[in-house]
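Student: I would like to learn how to read a structure of this kind step by step. Could we go through it together?

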Amino acid sequence: MSTEPEPEPERRSRVDDVTRRLRRQSLTGWPLATAIALLAVLYPTYIMSLQELETVGKYFPSLGDSVIVVVFTMMAVGLNVVVGYAGLLDLGYVAFYAAGAYTAAWFASQQFEQVTFHFGAVGIQPDVTGIHLSIWLILIIAGVFTTLVGILIGFPTLRLRGDYLAIVTLGFGEIIPQFVRNADNLHGFDLTHGTFGISPIDAPGFGETLSDSLGLPASYQASFDRDRLFYWTALFLLGVTVFACVRLRDSRLGRAWIAIREDETAAAAMGVPLMRTKTWAYAIGAFFGGVAGAFYASVKSGAFPADFFFNVSIFLLCMVILGGIGSVWGVILGGVILGWLNVAGLATIGTDLGIEDVPKYQFGIYGVIIVAVMLLRPTGLIPERRHQRELEEAVSDLPLYDAEHDASLGRGGEDRIRRG
Amino acid sequence: MADLLLAERVRKEFGGLIAVNDVDFIIPERSIVSLIGPNGAGKTTFFNMLTGVYTPTSGRIVFRGVDVTGKPPHAVTELGVGRTFQNIRLFQHMTALENVLVGMHARLKGGIFRSIIGTPGLRREERQASERARDLLRFCGLRGRTDALARNLAYGDQRRLEVARALATEPVLVLLDEPTAGMNPQETAEFTGFVGRLREDRGLTILMIEHDMKVVMGISDRVTVLDYGEKIAEGAPDVVQRDERVVEAYLGRAATA
């Protein structure tokens, strides 16, 4: 352990060069991300011409399908906080999706006929029974509510490690859908309308006042541009999710998550409170799942228990694994690929091949994809930055004393070494 | 000198095995104390109780006047106990700088909302933290390794990084678990000097588990010897060195007729 009596300029080492190269890469990365985002935003304007293309045209999903792809991608990005950053295998993420969807159903439908309460709801007559809040408000309520559900579930379960945690989350992922399926008669009170689900659910909108003054759409449902509006709103929500997740990853909390993933015991010894930090990962994952669920319920105009099976949790996990565990951009790519296969891709490919049944085997196909990824590219399509670096960066194995020695040599010295 | 840490009749049982048997132990402020003993003597178990990894079966541990018995590790760290591990436990896929920043976790404030929004106050805090982290890395001889992944560092550098990370928690007491394991004599000598500087320059108190007797005898103020979970000797290095029971524990009983 040497002391440095006076600060010297940082010595250029191989490692520094690698860092510099990576920084350049991330600079080229941002324009690329912006360009892709722009293409996504403009998709409704050129979708028609794409779909008119011969042979490939039919592979471009309709706007309605794209909304579903974007919503599922948003959930995958949220799940990535739990699984990717903090390394907590959560097999019950669908519970948060359900909690969000039912929050929207409770506060924007005729489910509770006993009361009539309207606040900011658009496109419905003022005398319609039930609670009708503005969908924007509901998205926030759903986020907060599922965060609380996440904390409640997380608190007892996050003491467990690894496989045990996965099994318990699996249990909670089953309990919540079973609960909504059966909560149509809680001492005579109908909370969820059982297997029928709750429908219709109000659509978003900005109301007449904002429509007249700012030109924002009054109600999505009544608009001719319904699909476009839902699509852009979904993209906006995904954008917010990605922004928040990237910022969190690079924050004090994000470092603590990754430290826990790397070595729980060491993290605790460095002052990271394990329970609190893990619960936050779980709660933040839950938040985005809840918002996505509430929004999707509004898009579908319904919350149905059949949508909240275990396979949704696995489907979202597949997106994360395919794209790259812990990598936000990877998870987006994984989400888009699997989401597209799910809503349209498999059916279209099936028609092409003359096999009608292709979508029936979807989970078999996803399984094959995951196996292939694990064999060929185990860190995913776009690996997390730190795993990428592991491969690129050579092991620094300079003997301790040489490092000191060549620091004292000037530029000429370095040249001499290189020549020698 | 006041006592920084006080352990009273600390005991740890694993099932029927008594790993640490009613050990009394004190660490005076600004001292360098070594804990030695044959393999399996209960040194690391004792360490783990001091840092909150294990809860003692019975007994009491007081650090700076606060009873820390059974407190979780992060709370003990927050009170000012930093540590390294016998088998290096760095965050492998994080850079040297990030490893040190994790060490600062308890000393930074950045919350969720401020992190997402990126307030000026938060940016300042992060900038200052990474400044301090760079200083620490330099202090520990890791200049130019700042952005290397921990797993790609050479062995000696990994040991240094463990110390830098422990110092980042802003400790009063540093616990080093076999810090010179795997070092060559020159590195060991250098490290011994470094430990001395931790006390002189930074006013730290140090407790270390060490097998290298040259290091132990060279810098310790006090040495405590454990054998089969019991304290068999304690005192100044030269006294302990001559203690019959210590010699016996290490070399076996002399063949007396």
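Student: How far apart do the C-alpha centres of domain 1 of chain B and domain 2 of chain B lie?

Tutor: The model is predicted, so local features need pLDDT of at least 70 and side-chain atom pairs count only at pLDDT 80 or more, while totals for chains, interfaces and linings use all residues. Residues are numbered from 1 along each chain as its sequence is written, and chains are lettered from A and ligands numbered from 1 in the order in which they are written. With domain bounds that come from an automatic or database domain assignment, chain B is divided into domain 1 (3-80 + 171-251) and domain 2 (92-158), and the two C-alpha centres lie 28 Å apart.

Student: In what order do the strands of the open sheet in chain B run?

Tutor: Strands of a sheet pair through backbone hydrogen bonds, either parallel or antiparallel. Here, where two strands pair if DSSP finds at least two bridges between them, and where strands (E, at least two residues) and helices (H or I, at least four) are DSSP runs numbered from the N terminus, 6 strands of chain B form an open sheet in the order 6-7-8-3-9-10, with mixed pairing. Strand 6 (81-83) and strand 10 (230-235) of chain B are the edge strands, each pairing on one side only.

Student: How many bridges join strand 7 of chain B to strand 8 of chain B?

Tutor: There are 5 bridges between strand 7 (residues 173-177) and strand 8 (residues 205-209) of chain B, which run parallel; within this pair, B:Val174 has B:Ile206 as its bridge partner. Helix 7 of chain B packs on the sheet, touching strand 3, strand 7 and strand 8 of chain B (contact means C-beta atoms, placed from the backbone, within 7 Å), and its direction makes about 155 degrees with that of strand 8; axes are lines fitted to C-alpha atoms, for helices over the stretch in contact, and angles run from 0 to 180 degrees between N-to-C directions.

Student: How many residues does each chain bring to the contact between chain A and chain B?

Tutor: The size of an interface is often given as the accessible area lost when the parts come together. Counted in residues instead, the contact takes 48 from chain B and 42 from chain A, and helix 7 of chain B gives the most to the chain B side, with 5 residues.

Conventions:
Two residues are in contact if their C-beta atoms, placed from the backbone, lie within 7 Å.
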